[in-house]
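Visitor: Please give me a close look at a single part of this model, the open space inside the fold, and then walk me on to whatever is packed around there. I would like one connected account.

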Amino acid sequence: MAYERALAALQAEALPVRQAVCLKLLGPGDDSYPDSWRDSATGELPPLQQLAVQAGLSVPTLRKRRDAAIARARPEGEQT
């Protein structure tokens, strides 16, 4: 149930926001990332600044959306 709620919360977000969530929680080079998400030069997720450009957002706005998505995905009562 908690997993389904977390997945639903993330699926509602734009791809750059989901990538920013993964970047924060798993780091830039996790093996679970699809190749299409990876920067071809580094083999890792793009940095937050590049994800913000892709989303058409400022870095602070992307951070706020990322943090809000993480908060919605957490089980009720769990703190960061």
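This is a predicted model: local features need pLDDT of at least 70, side-chain atom pairs count only at pLDDT 80 or more; totals for chains, interfaces and linings use all residues.

Guide: In general, rolling a probe the size of a water molecule over the atoms shows where empty space is left. Here the pocket is lined by 12 residues, and those nearest its centre are Ala6, Leu10, Val21, Leu25 and Ala73. Helix 1 (2-11), helix 2 and helix 4 are the elements that each give two or more residues to this lining. By residue type, the lining of the largest pocket divides into 10 nonpolar, two charged and no polar residues.

From the pocket, let us turn to the packed side chains. In soluble globular proteins, nonpolar side chains tend to be buried together. The largest nonpolar core in this model has 15 residues, and Leu45, Leu48 and Leu62 touch the most other members. Two or more core residues come from each of helix 2 (15-26), helix 3 (48-55) and helix 4 (59-73), with helix 2 giving the largest share, five residues.

Beyond residues up to four places away in sequence, Leu45 touches Gln19, Cys22, Leu23, Gly27, Pro28, Tyr33 and Trp37.

Gln19, one of those partners, lies in helix 2. Gln19 counts as buried because its relative accessible area is 3%, where the limit for buried is under 20%. Leaving aside neighbours within four places in sequence, Gln19 is in contact with Trp37, Leu45, Leu51 and Gln54. For a sense of scale, Gln19 and Pro75 are 56 residues apart in sequence and 20 Å apart in space, C-alpha to C-alpha.

Leu51, a contact of Gln19, brings us to helix 3, where Leu48, Leu51 and Ala52 are buried. These three cover an arc of only 105° around the axis, so they sit on the same side of helix 3. Helix 2 and helix 4 are among what covers the buried residues of helix 3. After helix 3 comes Gly56, whose phi is positive, near 70°.

For contrast, take a last stop at Ser32, in the loop between helix 2 and helix 3. Ser32 is exposed because its relative accessible area is 55%, and exposed means over 50%. Apart from neighbours within four places in sequence, Ser32 is in contact with Leu26 and Arg38. Between Ser32 and Glu13 there are 19 residues in sequence separation and 19 Å in space, C-alpha to C-alpha.

Conventions
Residues are numbered from 1 along each chain as its sequence is written. Side-chain values use heavy atoms; hydrogens and water are left out. A nonpolar core is a set of buried Ala, Val, Leu, Ile, Met, Phe, Trp, Tyr and Cys residues joined through side-chain atoms within 4.5 Å. Buried means under 20% relative accessible area, exposed over 50%, partly exposed in between (1.4 Å probe, protein chains only). Helices (H or I, at least four residues) and strands (E, at least two) are DSSP runs, numbered from the N terminus. Contact means heavy atoms within 4.5 Å. On a 1 Å grid over the protein atoms alone, a cavity is a set of points where a 1.4 Å probe fits but cannot get out, and a pocket is an open set with protein on both sides within 12 Å along at least five of seven lines; lining residues have an atom within 4 Å of a point. Ala, Val, Leu, Ile, Met, Phe, Trp, Tyr, Cys and Pro count as nonpolar, Asp, Glu, Lys and Arg as charged, and the others, Gly among them, as polar. The arc is that of the directions from the helix axis to the C-beta atoms.
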